[in-house]
Amino acid sequence: MTWMQSVVIAIVEGITEFLPISSTAHIKFTKAIMQMDPSEPFSNMFDIVIQFAAILAVIVLYFKRFVNFKDISFYIKLAIAVVPALIFGALLKKHIDHVLGDIRIIACVTLVGGIILLFVDNWFKRAVVHREEDITYQQALKVGCFQVLSILFPGLSRSASTIIGGLATRLDRKVAAEFSFFLAVPTMAAATVKELYDTWKHTPEVFHSSNTNMLLAGCGIAFIVSLIAVKSFITYVQRHTFRAFGVYRIIAGIAVLALIYGGVIKNESSTENKAPVENTGK
């Protein structure tokens, strides 16, 4: 991985992490277009760690919510919601690695996810929860179960699956999006810790000064870009439906498939690819 490649990937991550278009899919597409080695240990670790850096933008923007220790129920809801992803992420690791090594599958999931987003606002119209504080433990668990869909179908988007889960449990668009953001924090924290441990255990040589500096720079870029993306996304969903994201996903999925079958980019699989919990996607 070069410095230029790391900057591009960090920017892509920062923009796409919180949008229902799958940051994992976009990183995979970007790396394929730049003809990067899909089996490089540092590159795969970089992908996951910068996702957590992007997630930290949520803690900064919603700092008062995350440090409100008087409301223990907030932390209980997040704990309940993250459990399904932790369980299925561990059980389905081989499945995730396999799918993440096939860009065709990710492109198809991106396309299908786009079709779903075209209609999701019409499916779930009657929202009754307009504040995060009013989310019940049962609703939190249901959203967490929806997050598992992004594990079963990498490229679906962790954000999209949890937002759809929120809408299905009758949260309004703003609350569904914000709870999706909150849930990303423990989810990606767990994924990052595991990824760092696995990389250190199997390929400790990648932690040399040059790579470490590149990783820190990538985290900083992803974090800053995410601050802007989160604010913009919340403003958007308060006024508009998710249809535009559906249209974009359909176009992106078709475009990547065309590039693959046109021989412009290669569909190289690798059993070494590491999987975010989405994301395990964003």
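These legends accompany close-up views of a predicted model.

**View 1. Confidence along the chain.**
The protein chain has a mean pLDDT of 88. Of its residues, 95% reach 70 or more. Residues 270–281 stay under 50 in pLDDT. For that stretch the model has 60 contacts beyond four places in sequence.

**View 2. The salt bridge between Lys-77 and Glu-132.**
Lys-77 and Glu-132 form a salt bridge, with the closest N and O atoms 3.8 Å apart. Lys-77 sits in helix H5 (residues 72–91), and Glu-132 sits in the loop between helix H7 (103–123) and helix H8 (137–147), so the pair ties together parts 55 residues apart in sequence. Are these two residues buried or exposed? Both Lys-77 and Glu-132 are buried. The pair also belongs to a network of salt bridges that links Arg-65, Asp-71, Lys-77 and Glu-132. The count for the model is nine salt bridges.

**View 3. The salt bridge between Arg-173 and Asp-121.**
The side chains of Arg-173 and Asp-121 meet at 3.6 Å, N to O, in a salt bridge. Arg-173 belongs to helix H11 and Asp-121 to helix H7, so this pair ties together parts 52 residues apart in sequence. Arg-173 is partly exposed, because its relative accessible area is 25%. Asp-121 has 13% relative accessibility, so Asp-121 counts as buried.

**View 4. The salt bridge between Asp-134 and Arg-131.**
Here the side chains of Asp-134 and Arg-131 form a salt bridge at 3.1 Å, N to O. Asp-134 is partly exposed, with a relative accessible area of 38%. Arg-131 is also partly exposed, at 46%.

**View 5. Helix H5 and its kink.**
At 1.5 Å a residue, the 20 residues of H5 should span 28 Å. The end C-alpha atoms are 29 Å apart, which agrees. Where does H5 kink? A kink of about 30 degrees lies at Val-82, shortly before the proline Pro-84. Val-82 and Pro-84 are both buried. An α-helix has 3.6 residues a turn, so residues three or four places apart point the same way. What covers the buried residues of H5? The cover includes helix H4 (63–66), helix H6 (93–100), H8, helix H9 (149–152) and H11.

Helix H13 (residues 243–261) has 19 residues, which should span 27 Å at 1.5 Å a residue. Its end C-alpha atoms are 27 Å apart, in agreement. The buried residues of H13 are Phe-245, Gly-246, Arg-249, Ile-250, Ala-252, Gly-253, Val-256, Leu-257 and Ile-260. Just after H13, Gly-263 takes a positive phi of about 80 degrees.

**View 6. Gln-35 and Ser-39 in the loop between H2 and H3.**
Ser-39 lies in the loop between helix H2 (23–33) and helix H3 (41–61). Gln-35 lies in the loop between H2 and H3 as well. Gln-35 is not a glycine, yet its phi is positive, about 55 degrees. Most residues other than glycine have a negative phi. Gln-35 counts as exposed, because its relative accessibility is 67%. Ser-39 is partly exposed, with a relative accessible area of 29%. The C-alpha atoms of Ser-39 and Gly-101 are separated by 9.2 Å. Along the chain, Ser-39 and Gly-101 are 62 residues apart.

**View 7. Arg-170 between H10 and H11.**
Arg-170 is found in the loop between helix H10 (158–168) and helix H11 (173–202). Its phi is positive, about 75 degrees, although Arg-170 is not a glycine. At 39% relative accessibility, Arg-170 counts as partly exposed.

How many disulfides does the model have? The count comes to zero disulfides. Cys-108 has 38% relative accessibility, so Cys-108 counts as partly exposed. Cys-219 is buried, because its relative accessible area is 16%, under the 20% cut-off.

Note on methods. Residues are numbered from 1 along each chain as its sequence is written. Side-chain values use heavy atoms; hydrogens and water are left out. A disulfide is a pair of cysteine sulfur atoms within 2.5 Å. Buried means under 20% relative accessible area, exposed over 50%, partly exposed in between (1.4 Å probe, protein chains only). Helices (H or I, at least four residues) and strands (E, at least two) are DSSP runs, numbered from the N terminus. pLDDT is the predictor's confidence in each residue, from 0 to 100. Contact means heavy atoms within 4.5 Å. A salt bridge is a side-chain nitrogen of Lys or Arg within 4 Å of a carboxyl oxygen of Asp or Glu. The expected span of a helix is 1.5 Å times one less than its number of residues. The bend at a residue is the angle between axes fitted to the seven residues ending there and the seven starting there.
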